[in-house]
Amino acid sequence: MNGLTRIDTCLGPIQAAFDTSGVLIYLGFAEHEFREPLLAKLARLAPDSQPSGAILARLQDQLEDYAGGSRKTFEVPFRLHGTPFEHLVWADLQRIPFGETRSYGQLAAGLGNPNLSRAVGRANGANPISILVPCHRVVGASGTLTGYAGGLAIKERLLRLEGSFRP
């Protein structure tokens with residue numbers, strides 16, 4: 001798809017897309033398991049096919065700092081595109097502190113309805129900005145690792161990096 005830029009990081013190959021104002025609109029692992037629906041949605045946003053080298057370098061530097069353990073938050077502007085419910089879930093994801101996890105049920109209860117676990121899971125899976133919107137911090141009710149678009153090995157690696165992996 002035109003508009004995707006590959007960034008090689010120590011976390012593995014990552015793809016990014018930016019809008020014409022340089023705002024990140026997609027960040028996902030190149031080996032993303034379920035990326036086709038996200039990429040179809042991204043195509044409708046008409047990403048910039050020539051993002052600034054400075055923007056890419058800033059993102060890559062921050063991802064490397066995160067992977068090296070010296071960064072817990074990001075300072076890359078991004079814009080999320082989704083349904084109102086997805087935005088509620090994604091906002092909750094951004095409130096999960098570095099080094100902590102939440103279950104789908106906990107997120108659903110926080111939204112006022114513990115029966116929304118599956119809907120929370122679908123919204124989590126539709127997250128277009130991996131790592132920065134930390135969907136990897138969501139685990140099963142028993143603390144087990146559950147689906148992650150980058151694959152469970154990457155999810156485990158990210159949680160270990162943050163000190164929150166509990167086998």
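**Exercise 1.** Find the volume of the largest pocket and describe its lining.

*Solution.* Start with the volume: the largest pocket holds about 190 Å³ of space. This is a predicted model, where local features need pLDDT of at least 70, side-chain atom pairs count only at pLDDT 80 or more, and totals for chains, interfaces and linings use all residues. Residues are numbered from 1 along each chain as its sequence is written, and side-chain values use heavy atoms, without hydrogens or water.

A pocket is an open set of points on a 1 Å grid over the protein atoms alone where a 1.4 Å probe fits, with protein on both sides within 12 Å along at least five of seven lines; lining residues have an atom within 4 Å of a point. The volume is the space filled by probe spheres set on the points.

Next, the lining. It has 14 residues, with Lys72, Thr73, Phe74, Leu132 and Arg137 nearest the centre. Sort them by class: nine are nonpolar, two polar and three charged. Here Asp, Glu, Lys and Arg count as charged; Ala, Val, Leu, Ile, Met, Phe, Trp, Tyr, Cys and Pro as nonpolar; the others, Gly among them, as polar.

**Exercise 2.** Count the aromatic pairs, then characterise the one between Phe29 and Tyr148.

*Solution.* Rings of Phe, Tyr and Trp (its six-membered ring) pair if their centres lie within 6.5 Å; planes under 30 degrees apart are stacked, over 60 edge-to-face, the rest tilted. The count is three aromatic pairs. Phe29 and Tyr148 sit 6.3 Å apart, centre to centre, with 65° between the planes, so the pair is edge-to-face. Phe29 has a relative accessible area of 4%, so Phe29 is buried (under 20%).

How values were computed
Buried < 20%, exposed > 50% of the residue type's maximum accessible area, 1.4 Å probe, protein only.
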